[in-house]
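Please keep the sequence and the three-dimensional view at hand while reading.

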Amino acid sequence: MSVLASVRDLAVAYRRDGPLALQGIDLDIMPGERLAIIGESGSGKSTLALAIAGLLPAGAVQEGRIGWPGLARAPLGGRDIGFVFQDPAGSLDPVMPVGRQVAEVARAHLGLSWRQAQERARELLARVRLPEPDAIRHAFPHQLSGGQKQRVAIAAAIAARPKLLIADEATSALDTIVQAEIVALIRQLVAEDGMTLLFISHDIALASELADRIAVFRAGRIVEIGATAAIVTRPAQAYTRALLDAHIGLDAAPLFSSERPHA
Amino acid sequence: MSRLARFLSVPEAASGTLILALLAAMALLAPVLFPGDPMRIAGPALLPPFQDWSLPLGTDRLGRDVLAELFHGARTSLAVGLAAAAASLAIGALVGTLAGFAGGLADEALMRVTDAFQTVPGFLLALAFVSIVGPSLGVVVAAIALSAWTGPARVARAEVLSIRERDYVAAARVVGMHPVEIALREVLPNALPPVLALSSVIVAGAILTEAALSFLGLGDPNRVTWGGMIAEGRTVLRSAPFLSVVPGIALVLTVLGIYLAGEGAVESSAVRKGLS
Amino acid sequence: MTRALVLLRRRLVGSVFVLAIVVVGTFLLLESAPGDAVDAYIAATGGDAGLVEALRQRWGLDQSELTRLANYLWALAHLDLGQSVAFSRPIRDVILERLPNTLLLMGSATALSFGLGSALGIYAGSRPGSFRDRFLSIGSLALYAVPGFWLGLVLTVLFSVKWRWFPIAGIETVASGRTGFARAADIAWHLALPVASLGVIYLALYLRMMRAGMAEIWRMDFIRAARARGIARRRIVLAHVARNALLPLVTMLGLQSAQMLGGSVVIESVFSVPGLGRLAQEAVAQRDTPLLLGIILISAVLVIVINLLVDIAYAALDPRVGASEAGA
């Protein structure tokens, strides 16, 4: 009972005879941990997130097992798993007030009346640090900034108190400062509610601030997996090392010498 | 896969094309299979169908051969449909291109005129036009085109607005082409495809409008039309309903064929892009 | 509310221009008719050259075109549409008498086609690709190809002649002396077939639009997000997919109003409903040009008003409309 979810030999292809997006994935997700899935485009990291959440498109083929010993029954989106998508605008209904979109999740899973659900929505909007939650719950998505929309999406994802929060490139479409804020918000919420976090990203530096464990993906397979500190300081695989090296931080040496311009 | 083969592989397109081919055959073969004036007396009045095999669909109130009328009516419907569509598309494409390309006040003025033509119900306008000028095939075509041109005009204008910002237009301008020449030689041909996509809807609408005009007695009196046949049959609706029902079925099948072919065209281009 | 008012003001200004073009255009069109109202009157009633001269003068038909246009515009400003030749009554009165019947016919046909069409479209679109989806798709395409006037005749043959469930013509039982609810029921019974004939083609249209719209919305990201949140399927279908797919249909309501008005001409003819459409046909038959002009004008005004109302409704349904202008 000490594992939340166990993935065994998972393989996924988006079309019956298409190339494998994932193959031979063996992974355990421990309850309460913060696991980051790192990889470049096409590495299969989003596919893993969608497969775990049961959101693969129709026509996709999945083999292997995803077991949930940590849950008493088969997982249900919203109730057991909260999913935050990459595109904040794409995850909200453009013609429904944002408060109602959060409330409907609470109502669907917590058996609340509409009034109670609206109240809970207001609390959640305050929790994700949106200004004037009472006013903003009547706002429509197009009236909010990208960061604000993502906060709403997060509120909707955690509305029914799921055990697992999956953030699929949740910050990749946001500005840098907003990115940092959202990451901090996710860290706080996960700690407060005791949720397990699956954080998908291409940015290994961002992940290393947030995660206990890191799994590195490449071309549909796991290249390396281990504790954050170990991965970041002593990567075992050359690919992981390449990813780390490719990250340019402010303390890195300049690419060109600033002394003399080239003639 | 050739374009035609791809088109016909879509079931809607295949069935639609089949119906239209039959229609075209009817229209073209009418003078061959039923020579002479279809409106002459061919037999006893109100002969029911399937009784006399020289008059397979019977006769109408005046003793005219219903099957001959049906075939000759196909000619009128097809002629009007195609001519009206061609006229509407031509006028609409021209107006839309000029409006989109000219911009500014000319564009505004042309768009208000387009609005005006869209605001007046097309059928009322056609009614007024035909009643003023007098019913004949050409007038009916003009009357239909009078209101049908607005759709293609809007589509053409929208296309042109996006095209005129493109590089090859700027290049033509640099070379010194006269604006009107640019509009007609460079912009218009590239704005055409979405406009042409409207053609099936316009043809179907034209055929139905012509039928309605003929039904009200405003069609060409010298020609057999399905609408006219329905109107004729109305006088004996109780005793011989088939006289009104049969031409209507022909209309339904014709329009259905056009819609199916049109939908098939959309489907097949989607297939090519790998969307379905 | 600000959004709606900003939109309204802009549309009203544009509408005035459009109406002006319609007035001038129709006037010119009808002026080009060979022979005028006097010729028609003489042809019907008979008279000599002296009478022709006198009538021309009395009806102001001997003045120049520009003068007549100016006179007409002046009269319009006073809401005077002129005198009907065929009925020898003010055109405004004749039209106002017939207008309610057409409005009733059109309104009912629109309500039926929009309501039932969208409902069936939602039913089909809730499961794209299913049997009911394909069945309704093909069925609606067949219905869309049916000419309204022919359908009217077919329905008459079946329901009025053969089975006698509905009356053949008219808008109410003549001189029945019914009032209130009984009268309303009688009118409804008479209008059943005309409304069906007029509405069927639009029912097919809205069905197809809703179906296609829903198929497109199903593929959108925010629907996947709603499923990820575990929202019940029924709620997703109605509150999210259908609600978003509704918007283009509302726009279509406005666009189709002109066409439906035209369609009512033939339907009213078939069923002898004393409405505006039938009046137009009578005006044509009797060569009553001023009356025809008046009908075209009123129709244009009607279409403009309907479109304005539809625009307001659309703005209420789509919060994104006019957001940038009203400073949201």
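Leaving aside its neighbours within four places in sequence, with which residues is Ala126(B) in contact? In this predicted model, the partners of Ala126(B) beyond those neighbours are Ala143(B), Ile144(B), Leu146(B), Ser147(B), Thr209(B) and Leu213(B). Ala126(B) also belongs to the largest nonpolar core, which has 152 residues. Together with Leu124(B), Leu127(B), Ile144(B), Ala280(C) and Ile295(C), Ala126(B) is among the residues that touch the most other members of this core. Helix α8 of chain C, residues 180-218, contributes the largest share of the core, with 16 residues. Another core, of 78 residues, lies apart from this one and includes Ala155(A), Leu174(A), Leu198(A) and Leu210(A).

The view may now be widened to the chains. Two pairs of chains are in contact, and chains B and C share the most contacts. Between these two, 39 residues of chain C are in contact with 33 residues of chain B. On the side of chain C that touches chain B, at least two residues come from each of α1 (2-31), α6 (131-144), α7 (148-162), α10, α11 (276-285) and α12 (289-317) of chain C. The largest share of that side, eight residues, is supplied by α10(C). Its composition by class is 31 nonpolar, eight polar and no charged residues.

Chain C also meets chain A, with 19 residues of chain C in contact with 23 residues of chain A. Here α9 (221-228) and α10 (233-271) of chain C each supply at least two residues of the side that touches chain A, and α9(C) gives the largest share, six residues. By class, this side of chain C has eight nonpolar, three polar and eight charged residues. Chain A and chain B, by contrast, do not touch, and their nearest C-alpha atoms are 13 Å apart.

Terms used
Residues numbered from 1 in each chain as written. Chains lettered and ligands numbered in written order. Predicted model: local features only at pLDDT ≥ 70, side-chain atom pairs only at ≥ 80, totals over all residues. Contact = placed C-beta atoms within 7 Å. Helix = DSSP H or I, 4+ residues; strand = E, 2+ residues; numbered from the N terminus. Nonpolar A, V, L, I, M, F, W, Y, C, P; charged D, E, K, R; others polar. Core = buried A, V, L, I, M, F, W, Y, C linked by C-beta atoms within 7 Å. Buried ≥ 20, exposed ≤ 12 C-beta atoms within 10 Å, placed from the backbone.
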